[in-house]
Amino acid sequence: MIRQDLNGLRLFAVVARHMSFRRAAIELGMSAPNLSERIRDLEAQLGVRLFNRTTRSVALTEAGNTLLDQIAPAMGVIGAALASIGRFGDSPSGTLRINGPRPALQFRLVPLVLDFLDSHPLMRVEIVADEAFVDVVAAGFDAGVRYGESLSQDMIAISLGAPQKFQAVGSPAYLDRYGRPAHPRGLAQHRCFAQIFPRGNQWPWTFEKDGEEFVFRPSGPLASSDALIQLEAARRGLGLALLFSEHCEADIAAGRLEPVLEDWCPPFPGPFLYFPERCLMPAGLRAFVDFVKLQNRHAASTQ
């Protein structure tokens, strides 16, 4: 009953604004006779006449004027409310929240987000760096960034670009002093930095060549969850660091760092943007997903 009342009042307000059943019917996308019948139903329900009608004119009765004065503010509020949520439908606007590990965000997601924001000025993107495996839905995120081995099968995943690789590096002075390992077994004789997670667990160094895998757990003088700290320590000759190649490519080019065991560091698939399957995807997320897919197609066409 409440739904019927609200719809009837909406029709009444449109007719009162136009003072014409024909023009109101055009706006509402219905026939004038059908609209007139709906207004009669409302009048019967309320027990009062709302309009005086002739073949040439339509005018509000005293009861109609009183009703219009009473509902006009409420109809305005309802219209504003519907308009405000409409931006979450087809228009790419509002806030998009994304979670992921810092290197994947820094080297893959952020460049895409900056280009996306440049072409979608009504969007706001919140990026939260977190190395832990987060349930993005429960944590209030629209999407997350992860590598393939840690993706849930019930998620939709889209590649965020080209493969990546790790690089073991040290300063030339350090390597001149301690030698350059030819096999990962030789790392046991080196000062190797450990990558740790916020909860204290350590990430092992993994190498692969010709089907052989070698796992090494560093125990050198430095352990950190921040790759930039390890990068600076390697520059200063304190030991070896295993970093994303993007972290150290400028230092290698400048001669401040030197790669080792390059043939044991094969590329691996880059990170993915992932999100739950939904019948009604938020417009901002849909726009960003379409943007990422377009960038992937452009990258593929230039290879």
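Analyst: Happy to! Let us begin with contact, or touching, which means heavy atoms within 4.5 Å. The model is predicted, so local features need pLDDT of at least 70 and side-chain atom pairs count only at pLDDT 80 or more, while totals for chains, interfaces and linings use all residues. Residues are numbered from 1 along each chain as its sequence is written, and side-chain values use heavy atoms, with hydrogens and water left out.

User: Which residues does His120 touch, not counting residues up to four places away in sequence?

Analyst: His120 sits in the loop between helix 5 (102-119) and strand 4 (123-129); helices (H or I, at least four residues) and strands (E, at least two) are DSSP runs numbered from the N terminus. With those close neighbours in sequence set aside, His120 touches Pro92 and Ala287.

User: Is His120 buried or exposed?

Analyst: Buried means under 20% relative accessible area, exposed over 50%, and partly exposed in between (1.4 Å probe, protein chains only). The relative accessible area of His120 is 18%, so the residue counts as buried.

User: How is Ser224 placed, and which residue's backbone nitrogen does its side chain reach?

Analyst: Ser224 belongs to strand 12 (residues 223-224) and is buried, at 7% relative accessible area. Beyond four places in sequence, its contacts are Ala194, Gln195, Ile196, Ile229 and Gln230. At 2.9 Å, its side chain reaches the backbone nitrogen of Asp226.

User: At what angle do helix 2 and helix 3 pack?

Analyst: Two packed helices are described by the angle between their axes and the distance between the axes. Axes are lines fitted to C-alpha atoms, for helices over the stretch in contact, and angles run from 0 to 180 degrees between N-to-C directions. Helix 2 (residues 21-28) and helix 3 (residues 32-46) have axes 9 Å apart, and their angle is about 100 degrees.

User: What is that relation of helix 2 and helix 3 called?

Analyst: Angles under 35 degrees count as roughly parallel, over 145 as roughly antiparallel, 65 to 115 as roughly perpendicular and the rest as oblique. Helix 2 and helix 3 are therefore roughly perpendicular.

User: What is the strand order in the open sheet of three strands?

Analyst: Two strands pair if DSSP finds at least two bridges between them. Strand 7 (residues 166-170) and strand 13 run antiparallel, joined by four bridges. The pairing in this open sheet is antiparallel, and the order is 13-7-14.

User: Which strands stand at the edges of that sheet?

Analyst: Each edge strand has a single partner, so one side of each is left without a neighbour in the sheet. The edge strands are strand 13 (241-244) and strand 14 (258-260).

User: In the hairpin of strand 10 and strand 11, which residue takes a positive phi?

Analyst: Strand 10 (residues 205-209) and strand 11 (residues 212-216) run antiparallel, with five bridges joining them. Two residues lie between the strands, and the one with a positive phi, near 50 degrees, is Asp210.

User: What is the phi of Leu261?

Analyst: Most residues other than glycine have a negative phi, and most peptide bonds are trans. Leu261 lies in the loop between strand 14 and strand 15 (272-276), and is buried at 5% relative accessible area. Its phi is positive, near 55 degrees.

Definitions and conventions: Polar contact = N/O pair within 3.5 Å; in protein donor to acceptor, adjacent residues only side chain to side chain.
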